[in-house]
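Colleague: I'm new to reading protein models. Could you walk me through this one?

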Amino acid sequence: VLGVTPGVEYTTAWLLEKSLSVDNLFVFALIFAYFKVPRAYQHRVLFFGVMGALVFRGIFLAAGVAVVSRFTAVLFAFAAILFYSTYKILREEEDSFDPGKSIAVRLLRKVMPVRDEYAGMKFFVREAGKRVATPLLAVVAAIEAADLLFAVDSVPAVLAVSDDAFIVYTSNAFAILGLRALYFLLAGLLDRFHYLSKGLALILSFIGVKLILQASHKLFSSSVPEIPSPVSLAVIVTVLAVSVALSMRRIRPTAQEGAAPAAPDENGVAPGSTGEQPPVRGTRETGNPPQDS
């Protein structure tokens with residue numbers, strides 16, 4: 001309805017956010033393993049996690065659009081964030097992520113007691129006349145905290161594609177809405193996409209260059225070229241296709257040697273495992289797929 005250019009911008013922003021959201025799937029798996037969430041409860045957790053992400057992304061994107069419209073120079077800062085993320089991915093620097101020690105989970109434990117056992121799909125129960133939270137609520141809090149971390153480079157990246165609040169939010173919203181289905185679809189294949197992090201690094205650096213050119217065009221000279229949205233869309237599609245194709249063609253040696261690992265039980269814990277999780281390593285910042293429990 002709005003025309004070709006807004007349509008291309010929407011498609012580009014949606015595909016960009018969808019590709020960056022793949023890392024969220026790794027974190028979902030890690031959080032579920034850490035808290036030993038039964039598979040029957042995971043659908044409910046992701047539903048509320050996605051709803052919360054829509055609210056927080058809306059706040060961040062509205063603030064980002066307002067800031068960019070008034071202070072174009074902030075695009076240089078956004079570009080620096082993307083280049084730093086690219087650097088950390090390529091250097092494969094490790095950042096610890098412990099779901100049990102995330103800020104959201106710690107705040108929840110300070111606000112109200114959290115029982116050790118699940119109570120079906122309930123978030124709250126009454127014990128001795130007091131309202132206490134179940135571990136299911138702590139899982140939702142951990143997922144929301146992880147999404148806030150990922151928004152640090154997702155928001156600057158999408159603002160490089162468009163500064164239209166309607167386009168940037170709806171593209172993010174529909175990309176996030178598909179995460180729940182995408183998780184259950186790809187849960188068993190995540191460890192095969194080992195080249196995807198390199199592709200995401202290339203995409204982030206490309207978007208960083210796009211931001212610099214865009215800011216220079218507005219601030220310094222109209223002769224500075226800008227990268228059109230169709231070119232951005234073509235680059236993102238090509239990089240993602242090549243990354244996935246290479247990942248599927250070349251399996252890591254560890255996946256070729258030895259027998260396949262035993263399937264996890266209904267709680268997401270592998271046989272022989274205690275269920276205890278060390279600090280998780282490997283997110284979008286590290287570029288490394290995290291290790292399963």
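Colleague: What percentage of the 293 residues in the protein chain do buried residues make up?

Modeller: Buried means under 20% relative accessible area, with exposed over 50% and partly exposed in between (1.4 Å probe, protein chains only). Here, 47% of the 293 residues are buried. This is a predicted model, where local features need pLDDT of at least 70 and side-chain atom pairs count only at pLDDT 80 or more, while totals for chains, interfaces and linings use all residues. Residues are numbered from 1 along each chain as its sequence is written, and side-chain values use heavy atoms, leaving out hydrogens and water.

Colleague: At what angle do helix H4 and helix H6 pack?

Modeller: Two packed helices are described by the angle between their axes and the distance between the axes. Axes are lines fitted to C-alpha atoms, for helices over the stretch in contact, and angles run from 0 to 180 degrees between N-to-C directions. H4 (residues 74-91) and H6 (residues 135-159) pack at about 125 degrees, their axes 9 Å apart. Phe78, Ile81, Leu82 and Ser85 of H4 make the contact with Val152, Asp153, Pro156, Ala157 and Leu159 of H6 (contact means heavy atoms within 4.5 Å). Helices are DSSP runs of H or I, at least four residues, and strands are runs of E, at least two, numbered from the N terminus.

Colleague: Is Thr134 buried or exposed?

Modeller: Thr134 counts as buried because its relative accessibility is 0%. You'll find Thr134 in the loop between strand S3 (130-133) and H6. Leaving aside residues up to four places away in sequence, Thr134 touches several residues, including Val114, Phe123 and Phe124.

Colleague: And how many helices and strands are in the protein chain?

Modeller: There are 11 helices and four strands.
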